[in-house]
Amino acid sequence: MKPAIGVIGAGSWGTALANLLALNGHDVHLWVFEEPVLKEIRDHGENKTFLPGIRLEPNIRPTGDLAEAASRKDILLLVVPSHVYRGVVRQAASSVDQHCVVASAAKGIENDSLDLMSEVLDQELSHRVASRHCFLSGPSFAREVAAKLPTAVTAASHSHEAASLIQKVFSNEFFRVYTSQDVVGVELGGAVKNVVAIAAGACQGLELGQNTLAALITRGLAEMTRLGIAMGANPLSFAGLAGIGDLVLTCTSGMSRNQSVGFKLGRGMTLAEILKDMVMVAEGVRTSISIHDLSHKHGIEMPICEQVYRILYKDKSPMEAVKELMTRELKSEFSGIEAL
């Protein structure tokens, strides 16, 4: 018997994952927050706002009722932005069955609490679903998954049973899922890469060349790894799909919303001007605040992420940030991670 599945969030990624599950033969209850988007899916079988041009499978049942989408489910997949994540989880909590495996495809860190999404779930749902949380991350643009292009991601959980269930339910001939027990590492990879991608976009907007981009990605990986070690992650995770895999994708493609934000900053636009025209969320903009605060909390040097924070919130020019990075004190390449 196939598991009952609910997907919470109908942005581009939530819609693509709901469609993937439907293609795999599952009936999917999809919670849609925006009334116009709900009408689009019901009337046209297409999410024209967030995933235009993709015909959705008929076994997706859209609803505007969160409780309806969350109740009586074996698997509940959360795909909402990090800044509304806690509120949505709290609202859905009373509808989540105790046996339910709660999976998350959100990539971010709360600003005020500095909590990872796993910590939010522990706080809001621990009395209901114990340790059966699972976190899906890796190099995966929604449109390419919707177009059935080969994609590989990681499902991380402290529960082998939960990770294996998510692996089995999502995997098919074009979508491959690996499992991991490193929840912190997989989550941090998905969050930090968005901040580094803003820096990468800024370098591309400034036309600084491929040498710069390669160096930025490599040093961004070092920053991600340092923070991960400080927070108890397995450093090997950052050499995997949720680490370097997602980092390379997000830093090098114009399909990345975070890279696009950085590119426009490099071209001289202000953050307010950029966000005014954006329909979808660029998680790195908010996450840069969390990474800034986490790095200071743990005493970790993250100079690229620090400069992104200053560009976004302290009116620093991207070129000035580049010059400051290039003239920092000279040091060993593996400073802070030599013990590995």
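Biologist: Where is Lys-148 found in this model?

Modeller: Look in the loop between α6 (142-146) and β7 (151-156). Bear in mind that this is a predicted model.

Biologist: And why is Lys-148 called partly exposed?

Modeller: Its relative accessibility is 46%. Buried means under 20% and exposed means over 50%, so Lys-148, at 46%, counts as partly exposed.

Biologist: What makes the phi of Lys-148 worth a look?

Modeller: Lys-148 has a positive phi, about 65°, and it is not a glycine. Most residues other than glycine have a negative phi.

Biologist: Which loop holds Asp-315, and what is its phi?

Modeller: Asp-315 is in the loop between α14 (303-313) and α15 (318-326). Its phi is positive too, near 60°, again in a residue other than glycine.

Biologist: How do you know whether Asp-315 is buried or exposed?

Modeller: Asp-315 has 74% relative accessibility. Exposed starts over 50%, so Asp-315 counts as exposed.

Biologist: What about Gly-268 – buried or exposed?

Modeller: Run the test again: Gly-268 has a relative accessible area of 59%, and the cut-off is over 50%, so Gly-268 is exposed. You'll find Gly-268 in the loop between α11 and α12 (271-276). Gly-268 and Ser-317 are 49 residues apart in sequence, yet their C-alpha atoms are 8.5 Å apart in space.

Biologist: How many residues does the largest nonpolar core have?

Modeller: That core has 42 residues, and Val-7, Trp-13, Leu-17, Ile-166, Phe-170 and Phe-175 have the most contacts inside it. Helix α1 (residues 12-23) gives the most to this core, with 7 residues. Another core lies apart from it, with 38 residues, including Ile-109, Leu-216, Phe-238 and Ala-282.

Biologist: What does Phe-170 touch?

Modeller: Leaving out residues up to four places away in sequence, Phe-170 touches Leu-17, Leu-20, Leu-21, Asn-24, Leu-77, Leu-136, Phe-175 and Val-177.

Technical notes
Residues numbered from 1 in each chain as written. Predicted model: local features only at pLDDT ≥ 70, side-chain atom pairs only at ≥ 80, totals over all residues. Heavy atoms only, no water. Helix = DSSP H or I, 4+ residues; strand = E, 2+ residues; numbered from the N terminus. Buried < 20%, exposed > 50% of the residue type's maximum accessible area, 1.4 Å probe, protein only. Core = buried A, V, L, I, M, F, W, Y, C linked by side-chain atoms within 4.5 Å. Contact = heavy atoms within 4.5 Å.
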